[in-house]
Structures are given as structure tokens and as C-alpha cells.
Amino acid sequence: PKATYILPDGSKNTLAVPNGQSLMEAAIHNGLTAILGECGGSLACATCHCFVEDAPGPLPEISDHEDAMLDMTATDRTEQSRLSCQIIMSDALDGIVLRVPDEM
Ligand code: FES
């Protein structure tokens with residue numbers, strides 16, 4: 001499956017992401033440095049904040065812990081906000097579009 005990341009400069013990057021990989025990990029693996037992911041996906045940093053512009057399928061529920069971290073993002077959260085380390089790729093999410101905020 002594929003995921004598209006819209007970077008702060010407006011450029012779009014579409015990546016092939018293996019099932020089971022988080023969208024934070026996929027970005028870092030592919031050198032998209034706009035996503036920091038400082039804590040490695042353990043819900044401790046909020047530097048993987050993204051806005052979900054288009055979700056082809058249902059996203060995982062926001063856990064209480066993710067919800068609390070979303071209150072600490074550098075760019076204010078919106079209804080579309082998620083932590084990209086908590087979105088795990090699957091065939092159901094093929095074609096998902098994330099926008100990366102200006103500030104992590
Ligand atoms: Fe730290 Fe997602 S990578 S909360």
C-alpha cells in the first residue's frame with residue numbers, strides 16, 4: 001500500500017509502505033526529515049504529528065495517551081490531527097494522505 005505525505009513546502013511524496021509499518025517509521029526510512037519521530041513511536045514526543053487529509057479506511061481509535069500527547073504538539077491540533085507513529089499501514093489504508101505541519 002501507498003501513503004502520500006504533503007510536506008510543509010507543499011511538495012508531495014508518495015511512498016510504498018509495507019503493511020505493519022507505522023507512517024512515522026515509513027517517513028523516516030525514506031528520508032522525509034520533516035517528520036521527526038524523536039521517541040521512536042512510544043507516544044512520548046508528539047514530533048510525529050500529522051494532519052490526515054484523506055483516509056481511505058477507518059483509522060485506529062485515538063487512545064487516551066495519544067489524545068493527551070496531541071494536546072502538546074508544536075502546531076495546534078485540529079480534528080484531523082493524529083500521531084503518525086500510531087497509524088499502522090494496512091491494505092485498508094492504501095492511498096492515505098497526510099499533511100506534515102510546519103512545526104513538529
Ligand atoms: Fe514520538 Fe510518535 S514518534 S509520539
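Me: Which residue in β4 is the bridge partner of F51?
Reply: That's S81. Heads-up: this is a predicted model, where local features need pLDDT of at least 70, side-chain atom pairs count only at pLDDT 80 or more, and totals for chains, interfaces and linings use all residues. Residues are numbered from 1 along each chain as its sequence is written.

Me: What makes β3 and β4 a pair?
Reply: Two strands pair if DSSP finds at least two bridges between them, strands being DSSP runs of E, at least two residues long, numbered from the N terminus. β3 (residues 49–54) and β4 have three bridges, antiparallel, so they pass.

Me: How do you know that β3 and β5 pair as well?
Reply: Again there are three bridges, in the antiparallel sense, and F51 stands opposite R99 in β5.

Me: What makes β1 and β5 a pair, and in which sense?
Reply: β1 (residues 2–6) and β5 (residues 96–99) share four bridges and run parallel; T4, for one, has V97 as its partner in β5.

Me: Why are β2 and β4 called edge strands?
Reply: The order in this open, five-stranded sheet is β2-β1-β5-β3-β4, with mixed pairing. β2 (12–16) and β4 (81–83) each pair on one side only.

Me: Why is L98 called buried?
Reply: The cut-offs go by other C-beta atoms (placed from the backbone) within 10 Å: 20 or more is buried, 12 or fewer exposed, in between partly exposed. L98, in strand β5, has 25, so it is buried.

Me: How far apart are L98 and V52?
Reply: They're 46 residues apart in sequence, but 4.6 Å apart in space, C-alpha to C-alpha.
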